[in-house]
Amino acid sequence: MRAVEIQEYGGPEVLRVVEAEVPAPGPGQVSIDVAYTGVNFADLKARADGYRVPALPFVPGLEASGRVRALGAGVTGLAVGQEVAALTQGGAYADVVVADAVTVFPLPSGVDLRTGATLPTVLPTAYALIHTVGRLQPGETVLVQGAAGGVGTVLGQLASAAGAGAVLGVVSSEAKAEYAREHGYDEVFVTSSTTPSFAKEVREATDGRGVDLALDPVGGETLRASLGSLAPFGRLVSFGNASGAQPWQVGQPDLYPLALSVSGFSILTLAQTSPTELRALTERAFRTVVDGVVSLPVTAEFALPDAAEAHRLMGTRTSTGKLLLHAHGTDGDADLA
């Protein structure tokens with residue numbers, strides 16, 4: 001089978017197509033003939049910096065859709081040939097991937113394989129940020145960093161459907177701002193990671209009060225500015241560190257004056273520490289697609305051997321929505337944007 005492998009860390013050019021043995025599932029695992037693989041920013045960090053890479057060589061890819069190829073010992077509730085989406089610990093940039101059965105989800109009726117590949121990381125993350133960790137209540141205001149990305153696209157729709165009083169977003173270009181406004185955002189601020197100057201604009205947009213919930217995948221100074229944008233009793237949820245900044249600590253002097261709270265979320269960590277909770281969360285999240293509450297546009301699609309081109313596009317920070325790789329002869333255009 002084909003796999004896209006990292007043998008050294010570096011730019012997109014280090015992604016190399018190799019011939020590999022077809023993996024067999026172990027106990028409690030499932031092998032999947034991959035139809036589509038989702039491309040995530042975590043894949044770029046793995047390629048460049050070794051993020052969550054246990055050893056080299058390494059095949060990236062955290063999510064895929066396809067058909068069950070084989071079941072490992074003890075696996076129940078799944079069948080060979082069944083269409084599924086899966087969250088993996090890596091390995092999805094390949095024709096066949098192995099995943100723990102607890103993170104393999106049958107695709108609901110009406111959800112095709114192409115759509116299914118957009119769901120395993122993005123949708124449960126966004127659902128948790130709005131409903132489980134963020135606990136957004138009707139009438140509350142929410143601020144989202146990276147509003148035009150995959151998670152940001154879903155967050156705008158979920159927040160709007162949850163009855164948010166206002167959904168505010170932060171993006172890096174006017175083109176992204178227009179995209180975000182089409183996906184649930186009431187107001188969008190254009191800024192950059194080096195000059196996160198949105199706090200003043202957020203205060204003005206909320207008549208000086210600030211927002212009830214801020215969701216931040218960027219980290220660093222952007223995270224501090226998100227904290228500074230909160231209203232009394234506001235909540236900040238960190239769900240990434242795209243800036244690569246050193247982690248910072250928040251303490252009593254930051255939280256006491258306005259009774260603020262700070263929390264975090266990582267779907268990859270939850271998959272390791274509490275897969276049962278992840279499964280329940282994912283099943284609730286998937287229903288929002290079936291019910292038509294959210295949709296995640298695929299804005300660019302590449303053949304599996306062209307994974308480097310997908311990384312180059314995502315690395316420009318100009319892409320919106322979801323990027324996919326397709327395998328096993330699935331039809332797909334190189335660029336749908």
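**Note on the predicted model**

1. Gly240 sits in the loop that runs between strand S12 and helix H8 (252-255). The model is a predicted one.

2. Leaving aside residues up to four places away in sequence, Gly240 touches Asp216, Pro217, Val218 and Gly219. Gly240 and Gly321 are 81 residues apart along the chain, and 17 Å separates their C-alpha atoms.

3. At the other end of S12, Ser229 belongs to the loop between helix H7 (220-227) and strand S12 (230-238). Ser229 has a relative accessible area of 0% and is therefore buried, the cut-off being under 20%. Its contacts, again not counting residues up to four places away in sequence, are Leu143, Phe198, Ala199, Val202, Arg203, Gly210 and Val211.

4. Helix H4 covers residues 150-161. Its 12 residues should span 16 Å at 1.5 Å a residue, and the end C-alpha atoms are 17 Å apart, which agrees. After H4 comes Gly163, with a positive phi near 85°.

5. H4 is mostly covered, with 10 of its 12 residues buried. These are Gly150, Val151, Gly152, Thr153, Val154, Leu155, Gly156, Gln157, Leu158 and Ala159. They pack against both helices and strands: the helices are H3 (122-132), H5 (174-181) and H10 (275-290), and the strands are S8 (141-145), S9 (166-171) and S11 (211-216).

6. For the chain as a whole, the count is 11 helices and 15 strands. The radius of gyration is 20 Å, close to the 20 Å that the globule rule gives for 337 residues, so the chain is as compact as a globular protein of that length. Along the principal axes, the C-alpha atoms fill a box of roughly 60 × 40 × 35 Å.

7. Of the 337 residues in the chain, 53% are buried. Among contacts between residues at least 6 apart in sequence, 70% join residues at least 24 apart.

8. The chain exposes about 14,100 Å², and 51% of this area is supplied by carbon and sulfur atoms.

How values were computed
Residues are numbered from 1 along each chain as its sequence is written. This is a predicted model: local features need pLDDT of at least 70, side-chain atom pairs count only at pLDDT 80 or more; totals for chains, interfaces and linings use all residues. Side-chain values use heavy atoms; hydrogens and water are left out. Helices (H or I, at least four residues) and strands (E, at least two) are DSSP runs, numbered from the N terminus. The radius of gyration is taken over C-alpha atoms; the globule rule is 2.2 Å times the number of residues to the power 0.38. Buried means under 20% relative accessible area, exposed over 50%, partly exposed in between (1.4 Å probe, protein chains only). Contact means heavy atoms within 4.5 Å. Accessible areas come from the Shrake-Rupley method with a 1.4 Å probe; for residues, only the protein chains shown count as cover. The expected span of a helix is 1.5 Å times one less than its number of residues.
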